[in-house]
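Here is a friendly walk through one protein model, written to be read with the structure open beside you. Each heading takes up one topic.

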Amino acid sequence: MRVEGVSAAAAPTGLSATVNGSQVALSWNAVTGANQYRVERSPDGTTWNALTTVAGSITRFTDSQGLTCGRTYSYRVLALNAAGPSAPSNVATAEFPACADIQGLNEAFTATTTPAGWSVQNNVPGDGWRFDDPANRKSILRDTDNFAIVERLIGSNQAIDTELRTPPLNLAGRPAVSLSFRTFFFISSGNAVADVDVSSDGGTSWTNVWRATQTKNSNPLRTITVDLTATAGNRNNVIVRFRLSSETSSSLWIVDDVRIESQAPPATPTNLSAALDAGGGDQADLDGRRNPQF
């Protein structure tokens with residue numbers, strides 16, 4: 001009896017990396033004989049760390065962990081089989097723009113596609129956030145404005161876990177931050193969780209700031225306001241996500257008019273001067289304004 005040896009698979013080719021909001025979408029060409037693929041990332045093109053391993057039938061991956069605006073990341077993929085890893089693929093790079101230095105964000109979802117800088121991440125196969133109102137829910141709400149919507153239909157046996165993420169925001173130097181949004185959340189059966197979470201490290205860790213596990217609907221949509229000072233104030237890589245997760249429920253979540261407002265401290269007063277007046281009292285002059293009680 002002769003035992004045939006197994007040769008290592010060829011190196012994957014055609015790796016590409018595309019920045020999509022706060023994520024990087026990777027894709028590559030399939031390799032004959034690959035049982036799995038290992039995806040690696042490097043912050044400097046020299047030191048490589050494994051991100052994940054996917055099945056040999058999968059030739060794409062979305063990276064959403066710990067990515068920082070203003071930095072460039074390198075990626076490579078190795079094919080795996082019984083003989084071990086292949087040589088690495090070509091290196092693909094993804095360059096994130098500098099964090100948006102903004103005083104606020106205002107998104108009304110007027111278009112029927114994902115807004116610029118925003119991203120949708122589906123953590124399980126199936127439907128996710130959409131912007132084209134596929135079931136014409138405007139007619140139920142008697143609302144002509146567009147919105148973001150995710151819906152798990154009655155009778156569906158498919159779980160849902162989908163995230164709508166804002167662009168990364170630079171709120172350094174802005175200690176006071178608030179979030180407001182309009183919402184319609186409805187559960188007809190089963191259990192579902194609607195979460196609003198905040199990350200200040202590019203999506204590596206998250207803090208929950210609002211949650212709904214029961215129907216919270218109104219017509220017109222209910223307005224929610226959340227103080228984000230403790231989770232986003234003075235931070236430079238802030239992402240807010242709207243996440244719906246459900247194993248069995250029939251549920252609907254609409255989000256609209258997302259606003260993130262921040263405020264910097266007042267500027268330091270300048271040109272302070274003091275002098276004695278004719279009566280011997282103190283007078284202070286600050287940028288031309290006098291305070292007789294100084």
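## The nonpolar core

The largest nonpolar core holds 34 residues, and those with the most contacts inside it are F181, W210, F242, W253 and V258. A nonpolar core here is a set of buried Ala, Val, Leu, Ile, Met, Phe, Trp, Tyr and Cys residues joined through side-chain atoms within 4.5 Å. Buried means under 20% relative accessible area, exposed means over 50%, and partly exposed lies in between (1.4 Å probe, protein chains only).

At least two residues of this core come from each of β12, β13 (160-165), β15, β16, β17, β18 (222-227), β19 and β20. The most, 5 residues, are given by β15. Helices (H or I, at least four residues) and strands (E, at least two) are DSSP runs, numbered from the N terminus.

## How to read the model

This is a predicted model, in which local features need pLDDT of at least 70 and side-chain atom pairs count only at pLDDT 80 or more, while totals for chains, interfaces and linings use all residues. Residues are numbered from 1 along each chain as its sequence is written, and side-chain values use heavy atoms, with hydrogens and water left out.

## The five-stranded sheet

Look next for an open sheet of 5 strands, in the order β11-β13-β19-β16-β17, with antiparallel pairing. Its edge strands are β11 (119-122) and β17 (207-212), each of which pairs on one side only. On average, neighbouring strands of this sheet are turned by 20° against each other, direction ignored. Two strands pair if DSSP finds at least two bridges between them; the angles run from 0 to 180 degrees between N-to-C directions, with axes as lines fitted to C-alpha atoms, for helices over the stretch in contact.

What does β19 pair with over 6 bridges? The partner is β13, in the antiparallel sense. Strand β19 (residues 239-246) is also joined to strand β16 (residues 193-199) by 7 bridges, and these two run antiparallel. R243 in β19 stands opposite E163 and is also the bridge partner of D195. R241 in β19 stands opposite D197. Strand β19 is mostly covered, with 6 of its 8 residues buried.

## The three-stranded sheet

A further open sheet has 3 strands in the order β1-β2-β5, again with antiparallel pairing. β1 (16-20) and β5 (60-63) stand at the edges with a single partner strand each, so one side of each is left without a neighbour in the sheet. Here too, neighbouring strands are turned by 20° against each other on average, direction ignored.

β1 and β2 run antiparallel and are joined by 5 bridges. They form a hairpin with 2 residues between them, and G21 in the turn has a positive phi of about 65°. Strand β2 (residues 23-27) pairs with β5 in the antiparallel sense over 4 bridges. S27 in β2 is the bridge partner of S16, and S27 also has a bridge partner in β5, namely R60. V24 has D63 as its bridge partner in β5.

## The largest pocket

The largest pocket has a volume of about 170 Å³. Of the 14 residues that line this pocket, the closest to its centre are R137, E151, F186, S251 and L252. Two or more lining residues come from each of α1 (138-141), β12 (148-152), β15 (176-189) and β20 (250-263). The largest share, 4 residues, comes from β20.

By class, the lining has 8 nonpolar, 3 polar and 3 charged residues. Ala, Val, Leu, Ile, Met, Phe, Trp, Tyr, Cys and Pro count as nonpolar, Asp, Glu, Lys and Arg as charged, and the others, Gly among them, as polar. On a 1 Å grid over the protein atoms alone, a pocket is an open set of points where a 1.4 Å probe fits, with protein on both sides within 12 Å along at least five of seven lines; lining residues have an atom within 4 Å of a point. Grid points are joined across faces, edges and corners, and a volume is the space filled by probe spheres set on the points.

## Loop residues to look up

Most residues other than glycine have a negative phi. D133, although not a glycine, has a positive phi of about 45°. D133 sits in the loop between β11 and α1 and counts as buried because its relative accessibility is 7%. N136 is found in the loop between β11 and α1, with a positive phi near 55°. At 45% relative accessibility, N136 counts as partly exposed.

A108 lies in the loop between β10 (104-107) and β11. The C-alpha atoms of A108 and R259 are separated by 8.7 Å, with the two residues 151 residues apart along the chain. A108 counts as partly exposed because its relative accessibility is 27%.
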